[in-house]
Amino acid sequence: MDEVIQVTQWLSSITPRKKAKLFFFTTHADAPTPTVGSNDVDTHEETQLPLATTVALHNFKNIDEFLKKKVNTFSCYNVIENEITKTDYEYLRFYSACKYLDVVPPFLDLEKISAIQNKFQMTDEERDYRLLLDSADLVLEKVCDSLKPAGVPQLWTALREDRNLIRGVKTIEIIGFFVDPNPTGIKECLFFFIVRHLQMIKKFSRVNTNRLERLIAQCDESSACEEGRTIDFIIDSLRCYPTEMYPFGSCLILCVFEDRDGAMQEIEKTMEISRHLGMITHTEKNPTKETIELVKKELMQPKYQFYSSFTCWFMSHGDSNSMLLADGETMEREWFLTSFPDISTFQLKPKVFFMVSCLGANKFRLEGAKFKCQSATCDYYDIGRALIRNRMLDITDSVRDISYVQPMMDTLVAYSTIPDHLSGRANTHGSIYVDRACVLMSENISRGRSLSEILEHLSQDLHEILQETMDEDRIVYKQACHYDSSFRKTLKLPYTRHPKEDVHSAPQ
């Protein structure tokens, strides 16, 4: 059959909603290509044009043409063996989006997909199409699905009313001010246009979602949200790191065996929990400094840009400053913790480190005869048999105690800045950190937010603000805050906003 006819038949079999989503996933704004970081607004606007005209004309002709062009490009593309190109990324994104939406063209050359995956040196586990989908785009798809057709125009109105968000953007005027979202697929096109527009003007990213949250907060819940969804629910979905699809992330397990009984059990347990979480895991037994450098180099490979998160288990002996490696050398813990998060493939993605080692020699010692011979480190406890518990200790009540508590337990220490850095102030409002913290806590009373959630949101909010020193140099800078927590439960703000106490009223 003629290829033109095949493409036409393929397009005619796709619903308008799926066409809008396929366009959105295929034009992934943060796709890791050689051109990332470009400030060419005209190029971005050209990409937005099919969405804008579809919304304005209620006609999917331009999106169809865009998808035809993509298919033709891939059909003519010759995979170069060693060099990873922009088209390689686009081909993988297109294929994964088609697979996810169940609209894979029957004429798509899957051998080319395999050849591109070979260039990325992907393992069998990594050839799962779900790895190639961007988790942040999947979250945005769910946000779109949670909004009624009447809800997205409310976002559009809020966007149009903020002149700072639309100044100098030609495609905004193509759509106009009022939009009829009822024809199938138009709601999706308008929502995806808004998202890509905010990304284009650098007001939105997979981590910095405040601007979209504010637009959503201006919507009328009863008319904007699908049944069973609320404004808070939608905003909550944006305030989590996007880790929507398998695999959950990449997991690195480093374990030193020397003078550490049970090291193999540690590896087995961490590997099993990683699998339960849906992570693709790499293990290094008895790592040395050279091993760690090689692992860092590996994590810089392009394929890791498809992962949604990074987790590391580092199990060894240690002291307050360093970790002991397998060759007897020590490694500064601070160097390790600062060098791995700096890997570009995991920028804007959650990175979790479980540093399993001593930090010193002191002990919180419990006195008294009743504590003798009672310890969860003994080997006589029964081992459970269900799933992952078959390798876990069965911690019985006889070794549990709630009457003696470490003084630092249940403590959360929040800092307005990070070590060795200053904490900014405004001329008239004092500490910017205190100001933003109070605003966010006030906004979130009655919403069931936890304090840690608010501090994470505060960290994002504060780090977006450009500040200026008050001295003669007038240096512009950003401020970052952080916190250390030993909470054992979640601390939520009250559900009721208490009014200010009237100091003039008599006591009752």
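Q: What makes a residue of the protein chain count as buried, and what percentage of the 508 residues do?
A: Buried means under 20% relative accessible area, with exposed over 50% and partly exposed in between (1.4 Å probe, protein chains only). By that cut-off, 41% of the 508 residues are buried. Keep in mind that this is a predicted model, where local features need pLDDT of at least 70, side-chain atom pairs count only at pLDDT 80 or more, and totals for chains, interfaces and linings use all residues. Residues are numbered from 1 along each chain as its sequence is written, and side-chain values use heavy atoms, leaving out hydrogens and water.

Q: Why does Ser 442 count as partly exposed?
A: Ser 442 has 31% relative accessibility. Partly exposed lies between the buried and exposed cut-offs, so Ser 442 goes there. Ser 442 is part of helix H19 (residues 432–444).

Q: How do you know how far Ser 442 is from Leu 493 in space?
A: Go from C-alpha to C-alpha: the two are 9.4 Å apart, while in sequence they are 51 residues apart.

Q: What percentage of contacts between residues at least 6 apart in sequence join residues at least 24 apart?
A: A contact means heavy atoms within 4.5 Å. Counting contacts that way in the protein chain, the answer is 74%.

Conventions:
Helices (H or I, at least four residues) and strands (E, at least two) are DSSP runs, numbered from the N terminus.
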